[in-house]
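Dear colleague,

Please find below the structure I promised to hand over, together with its sequence. My notes on it follow.

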Amino acid sequence: MSERKVRGAFIVVEGLDRSGKSSQVTLLEEHLKAEGVAVRLVKFPDRTTPIGKLIDSYLRSESEMDDRSIHLLFSANRWELAKSIQDSLESGTTVICDRYAFSGIAFSAAKNASGMSYEWCRGPDIALPAPDITLFLAVSPEQQRARGGFGEERYEKADFQERVEHVFERIGVEMGDGSRWFAVDADQRKEEVAQELWRLVQPLAKGTDRPLGRLWA
Ligand code: Z5A
Ligand code: MG
């Protein structure tokens, strides 16, 4: 019987604003590298691509856009990188992703705009590479406000963030038990959060032989 090839693991870190995603993604990268694992960091939105530049201008409130248009651009920004993420995984590199399709659904569905149901928001991201694990950083509104820089960009308002959180909760429930979606208390100190994330990621540190799935497909 032929052995299945081991590929890199696809690890997604999600959460509300200022929950510490970028800090944790960096700590996770360092930890994996120290274990001798080949790692690639990806961040969405990727503000460096032509589509990413449009998104960046929108987030800074330097331009206005129809809610549906910006939603589709966020998704297109992920599709731009989908093939290269898959290639990295297949070549044995572990990919850590700072925000993914779940942010896309949560922030757009929270707008409660007409014609933008939860299902509609999910549509464009169906069939993207599926994460092997999603780490959702849950932060309280008090901690969010206490952390640096909150309030500078378009969506950084407490009532909106609360609606975003509700959509994230729905996603977590609907992803189901087999999806490896884990919520982690991100009010803890950085080192404590990092330890908890490492405990969850460690079984995937040397890669996985599971075929790469497709989101909601
Ligand atoms: N968006 C969307 O609408 N649709 C989509 O499809 C996608 C995104 C992908 C930009 O995201 C916006 O795009 C975002 C969602 C929307 N809008 N909102 N709101 P972004 O990822 O580019 O946002 P960001 O600029 O990276 O900020 P962030 O993600 O909110 O921050 P973070 O990465 O979670 O946190 P951090 O940078 O690691 O930490 C923030 C500060 O807190 C910093 O000073 C840290 O030192 C501090 N920190 C971190 N952890 C701790 C702990 N544990 N204790 C104390 N202090 C801490
Ligand atoms: Mg960040």
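**Overall fold**

The chain contains 8 helices and 5 strands. Along the sequence these follow the pattern β-α-β-α-α-β-α-α-β-α-α-β-α. The radius of gyration is 17 Å, close to the 17 Å that the globule rule gives for 217 residues, so the chain is as compact as a globular protein of that length. Taken along the principal axes, the C-alpha atoms fill a box of roughly 55 × 35 × 35 Å. Of the 217 residues, 35% are buried. Among contacts between residues at least 6 apart in sequence, 82% join residues at least 24 apart.

**Confidence**

Please note that this is a predicted model. The mean pLDDT of the chain is 95, with 99% of its residues at 70 or more. For the complex, the predictor gives an ipTM of 0.97 and a pTM of 0.97.

**Annotated domain**

An unreviewed UniProt entry places the feature "domain: Thymidylate kinase-like" at residues 13–196. Over that range the chain is 51% helix and 13% strand, and the end C-alpha atoms lie 13 Å apart.

**Surroundings of ligand 1**

Ligand 1 is surrounded by 24 residues, of which the closest are Gly 20, Ser 22, Ser 23, Gly 104 and Phe 107. At least two residues of this shell are supplied by each of helix H1 (21–34), helix H4 (101–109) and helix H8 (190–201). By class, the shell comprises 9 charged, 8 polar and 7 nonpolar residues.

With kind regards

Technical notes. Residues numbered from 1 in each chain as written. Chains lettered and ligands numbered in written order. Predicted model: local features only at pLDDT ≥ 70, side-chain atom pairs only at ≥ 80, totals over all residues. pLDDT = per-residue confidence, 0-100. Near = placed C-beta within 6 Å. Helix = DSSP H or I, 4+ residues; strand = E, 2+ residues; numbered from the N terminus. Nonpolar A, V, L, I, M, F, W, Y, C, P; charged D, E, K, R; others polar. UniProt positions renumbered as here; feature names shortened; annotations may be inferred. Rg over C-alpha atoms; globule rule 2.2 N^0.38 Å. Buried ≥ 20, exposed ≤ 12 C-beta atoms within 10 Å, placed from the backbone. Contact = placed C-beta atoms within 7 Å.
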